[in-house]
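Trainee: Could you walk me through this model before I start setting anything up with it?

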Amino acid sequence: SSDAPVASAAPVLLLVPGIIGPSALGAGEEPIVLADGTAPQLRVTDLGVTRGEGAFETIGVFDGRIMALAPHLERLQRSATMMELPELDLDVLAQAVRRAVDEHADVPELLVRIFVSSGPEGGAPGTARLTAWIHAKAAPDYSGERAGIRVVALDRGIPSTAPQTSPWLLAGAKTMSYAINMAMIREAERRDAQDALFVSSDGYALEGPTSTLLVRRGDTFTTTPASAGVLPGTSLGSVVAGLRAGGLDCTEELLTPAEVAASDGAWLLSSGRLAAPITHLDGIALPVDMELSRRFCDLIAGRAQA
Ligand code: PLP
């Protein structure tokens, strides 16, 4: 392990030309290549850049343990399939994630992001060559958010039925077009909050721009059904396993923001920030159980047994 301070640990970049398997590799080309993260690497015509057409994942690595790798890779494939990208070689990706962790200096909290784009513009149909890369960097200090966040509900402008009626809206895909999600966070900050909650046009609380909603009502925990066009959260999966082990369960139900604000507690869960308890929703105070919040963080980070 390194004695260097976290901030000085340089990010690691790996290019993954073997993303769709060995058949797409040139003679002698390695499936995973360590690259210079400070040098230009992408073509300016890459569809990930020109159209935001691609998928990504952010994986948390805590004390060297890679969390929920298989669920992240399955979700990456799901997003890619929604954009009609070819089948990914998930074994190569898993190997690349492990390599990125090995190449990076030891830090308590590391974020490993996988990006897969449609590749350069102008490829003939059937000859698509995806662009894939992995970037690992030390996580920022999330202690403030883990102590509590003020959240505002913001209209997403599409109904909770969008995945069924309008699959081309890609609701529930983790695409490389996160400009709207970032704009939501800026709007939340303008309204004196740290995060936002997407609300469907038919009035239901959906998810945060980078997180899953979990709500407590008595001994019942509730999250948004994936069928409403939210991203199926891997952190939620870890928390649900922990709740089940403790004899509690988590149901899927659509709730209104008013119901969330009147609940016995609510969290926004994600792989890097972990469990952020909502202290206020649209200015209305919610109860915060810090002990339970810490337990959720430990479950997602693999620092506690389910
Ligand atoms: N919902 C959205 C829109 C996200 O972008 C994310 C993660 O970034 C999540 C939910 C939480 O997913 P996970 O718990 O797998 O990090």
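Trainee: Which element of the protein chain has the highest mean pLDDT?

Mentor: This is a predicted model, in which local features need pLDDT of at least 70, side-chain atom pairs count only at pLDDT 80 or more, and totals for chains, interfaces and linings use all residues. Residues are numbered from 1 along each chain as its sequence is written. pLDDT is the predictor's confidence in each residue, from 0 to 100, and helix H1 (residues 47–50) has the lowest mean among the elements, 95. At the top, with 99, sits strand S13 (residues 266–270).

Trainee: What ipTM does the predictor give the complex?

Mentor: For the protein chain, mean pLDDT is 95, and 96% of residues reach 70 or more. For the complex, pTM is 0.95 and ipTM is 0.99.

Trainee: Which strands are the edges of the six-stranded open sheet?

Mentor: The order is S2-S1-S6-S5-S3-S4, with antiparallel pairing; strands count as paired if DSSP finds at least two bridges between them. S1 (residues 12–15) and S6 (residues 131–138), for instance, are joined by four bridges. Pairing on one side only, the edge strands are S2 (33–35) and S4 (65–66).

Trainee: What angle does helix H2 make with S3?

Mentor: H2 (residues 69–82) packs on the sheet and touches S3 (54–62), S4 and S5 (109–117). Contact asks for C-beta atoms, placed from the backbone, within 7 Å. Axes are lines fitted to C-alpha atoms, for helices over the stretch in contact, with angles from 0 to 180 degrees between N-to-C directions, and here the value is about 170°.

Trainee: Which element supplies the largest share of the side of domain 1 that touches domain 2?

Mentor: An automatic or database domain assignment sets the bounds, giving domain 1 (6–138) and domain 2 (143–301). Between them, 22 residues of domain 1 are in contact with 14 of domain 2. S3, H2 and S5 each supply at least two residues on the domain 1 side, and the largest share, eight residues, comes from S3.

Definitions and conventions. Contact = placed C-beta atoms within 7 Å.
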